[in-house]
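Visitor: Hey, can you walk me through this one? I'd like to start with how you set things up.

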Amino acid sequence: MRFTLGQQERLKSKKLIGKLYEEGKSIKVFPLRMVYIQTEHTSKFPAQVGVSVPKRNFKSAVDRNRIKRLMRETYRKQKHTVYNAVNKPHVFMISYIARDEWTYADLEHKMQKLLTLFIDEINKDEK
């Protein structure tokens with residue numbers, strides 16, 4: 001498995017994003033929140049992911065973009081855990097809900113916890 005995060009793995013479809021927030025389930029590991037849904041998508045990968053940082057909490061675009069870059073990087077390094085666990089295609093959005101910037105190491109640890117919780121949730125749903 002290549003540890004990349006290409007265009008096919010990123011969530012871009014406005015229809016899918018709308019459906020995600022209407023019908024999706026949510027899990028939290030502060031400072032991250034994931035909204036996910038099991039649905040078909042156009043990608044050959046088992047999951048598509050998007051990241052978001054609210055403008056309300058971070059007025060500066062520089063700060064928002066830095067946090068999004070850190071979140072994408074932490075996901076990219078740990079996506080193999082999700083890919084090995086899911087059987088059906090999933091779509092999810094990871095949002096940053098804290099009001100201050102966290103370090104990369106802390107974010108990486110929390111992303112690992114969030115993805116583990118996600119795997120537990122989808123395994124529980126399939127049973």
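This is a predicted model: local features need pLDDT of at least 70, side-chain atom pairs count only at pLDDT 80 or more; totals for chains, interfaces and linings use all residues.

Visitor: OK. How many helices and strands does the chain have?
Guide: Three helices and four strands. Reading from the N terminus, the elements go α-β-β-β-α-β-α.

Visitor: And how compact is the chain next to a globular protein of that length?
Guide: It is as compact as one, because the radius of gyration is 14 Å, close to the 14 Å that the globule rule gives for 127 residues. That radius is taken over C-alpha atoms, and the rule is 2.2 Å times the number of residues to the power 0.38. Along the principal axes, the C-alpha atoms fill a box of roughly 40 × 30 × 25 Å.

Visitor: What share of the residues is buried?
Guide: Buried residues are 43% of the 127 in the chain. Buried is under 20% relative accessible area, exposed is over 50%, and partly exposed is in between (1.4 Å probe, protein chains only). The chain exposes about 7,400 Å², with carbon and sulfur atoms supplying 49% of that; these areas come from the Shrake-Rupley method with a 1.4 Å probe, and for residues only the protein chains shown count as cover.

Visitor: Let's do the sheet. What's the strand order?
Guide: S1-S2-S4-S3, in an open sheet of four strands with mixed pairing. Two strands pair if DSSP finds at least two bridges between them.

Visitor: Which strands sit at the edges?
Guide: S1 and strand S3 (47-52), each pairing on one side only. On average, neighbouring strands in this sheet are turned by 20 degrees against each other, direction ignored. For that, axes are lines fitted to C-alpha atoms, for helices over the stretch in contact, and angles run from 0 to 180 degrees between N-to-C directions.

Visitor: How do S1 and S2 run, parallel or antiparallel?
Guide: Antiparallel: five bridges join strand S1 (residues 25-29) to strand S2 (residues 32-38). The two form a hairpin with two residues between them.

Visitor: How many bridges between S2 and S4?
Guide: Seven, again in the antiparallel sense. Gln38 has His90 in S4 as its bridge partner.

Visitor: Switching to electrostatics. How many salt bridges turn up?
Guide: Five, from a search of the whole structure. The criterion is a side-chain nitrogen of Lys or Arg within 4 Å of a carboxyl oxygen of Asp or Glu.

Visitor: What does Arg66 pair with?
Guide: Glu101, at 3.1 Å, N to O. Arg66 is in helix H2 (residues 61-85) and Glu101 in the loop between strand S4 (90-96) and helix H3 (104-126), so this pair links distant parts of the chain, 35 residues apart. Arg66 is partly exposed at 38% relative accessibility, and Glu101 is partly exposed at 36%.

Visitor: And what about Glu108 and Lys77?
Guide: Their side chains meet in a salt bridge at 4.0 Å, N to O. Glu108 lies in helix H3 and Lys77 in helix H2, so the pair ties together parts that are 31 residues apart in sequence. Glu108 is partly exposed with a relative accessible area of 23%, and Lys77 is partly exposed with 36%.

Visitor: Where do Lys124 and Glu121 lie?
Guide: Both are in helix H3, three residues apart, about one turn of the helix. Lys124 counts as exposed at 54% relative accessibility, whereas Glu121 counts as buried at 19%.

Visitor: Last one: what does Thr4 touch?
Guide: Glu9, Arg76 and Lys79, leaving out residues up to four places away in sequence; contact means heavy atoms within 4.5 Å. Thr4 lies in the segment before helix H1 (14-23) and is partly exposed at 32% relative accessibility. Thr4 and Lys79 are 75 residues apart in sequence and 9.2 Å apart in space, C-alpha to C-alpha.

Terms used. Residues are numbered from 1 along each chain as its sequence is written. Side-chain values use heavy atoms; hydrogens and water are left out.
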